[in-house]
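Hi everyone, thanks for making time for this. I'd like to walk you through a structure that may be new to you, so please have a look at it first.

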Amino acid sequence: MDTPNAPSALFQRIEASFLRQGLMRHLNARLVRVEPGLCEVALPYSENVNQQQGGFHGGAMGALADIAGGYAALTRVPEDSEVTTVEYKINFLAVFQGGELRATGRIVKAGRRLLITTADVTHIDAAGQQSACAVMQQTLMAVPKTY
């Protein structure tokens, strides 16, 4: 049984995979929350994630949404499996500077071969104000874990 402050076995399983992500380490992203069918990831603003006009880069937003949706899907596959993205579509709603982004991925359908997720990307400013930033829909497939 988990103690109130100890991470759950599911969080630890997802975190073990997340920590293998070189891109997430490079961008300084962190795993915030994991529940069955849900994953939340945070990305602080820095010059590693901005575009030429100073806002968060769309590629960073897309990567964050992809990771959040992918790990939401990973919570629904056997422990000897991983997932890989087949495709995703993202709509950028607004661009922001400073603060951090939070992407919350959720399972829409977990089939035998394909998993469908969504992710909402929200900007949180220094005062804690939250604003919609992007929405994504994603298709993934389970693959054998190779590590």
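One definition before we start: two strands count as a pair if DSSP finds at least two bridges between them. Please also keep in mind that this is a predicted model.

With that in hand, take strand 1 and strand 2, which covers residues 38-44: they pair in the antiparallel sense, over five bridges. If you want one spot to look at, find R30, whose bridge partner in strand 2 is A42.

What is the order of the strands? It reads 1-2-4-5-6-3, an open sheet of six strands with antiparallel pairing. Strand 1, residues 30-35, and strand 3, residues 81-92, stand at the edges with a single partner strand each, so one side of each has no neighbour in the sheet. From one strand to the next, the twist averages 25°.

On to the helices. Helix 1, residues 9-18, packs on the sheet and touches strand 1, strand 2 and strand 3. The direction of helix 1 makes about 145° with that of strand 1. Helix 3, residues 58-74, also packs on the sheet, where it touches strand 2, strand 3, strand 4, strand 5 and strand 6. Its direction makes about 135° with that of strand 3.

How do these two helices sit against each other? In general, two packed helices are described by the angle between their axes and the distance between the axes. Here, the axes of helix 1 and helix 3 come within 10 Å and cross at roughly 135°. That makes helix 1 oblique to helix 3, and the crossing is right-handed. At the contact, R13, I14, S17 and F18 from helix 1 meet I67, Y71 and L74 from helix 3. Those residues divide into five nonpolar, one polar and one charged.

Let me finish with two residues in the strands. Beyond its neighbours within four places in sequence, L38 is in contact with R33, A72, T75, T104, G105 and R106. L38 and T75 are 37 residues apart along the chain, yet their C-alpha atoms are separated by 7.5 Å.

The other one is T139, in strand 6, which is buried at a relative accessible area of 12%.

Terms used
Residues are numbered from 1 along each chain as its sequence is written. This is a predicted model: local features need pLDDT of at least 70, side-chain atom pairs count only at pLDDT 80 or more; totals for chains, interfaces and linings use all residues. Side-chain values use heavy atoms; hydrogens and water are left out. Helices (H or I, at least four residues) and strands (E, at least two) are DSSP runs, numbered from the N terminus. Axes are lines fitted to C-alpha atoms, for helices over the stretch in contact, and angles run from 0 to 180 degrees between N-to-C directions. Contact means heavy atoms within 4.5 Å. Buried means under 20% relative accessible area, exposed over 50%, partly exposed in between (1.4 Å probe, protein chains only). Angles under 35 degrees count as roughly parallel, over 145 as roughly antiparallel, 65 to 115 as roughly perpendicular and the rest as oblique. A crossing is left-handed if the near helix is turned anticlockwise from the far one by less than a right angle, and right-handed if clockwise. Ala, Val, Leu, Ile, Met, Phe, Trp, Tyr, Cys and Pro count as nonpolar, Asp, Glu, Lys and Arg as charged, and the others, Gly among them, as polar.
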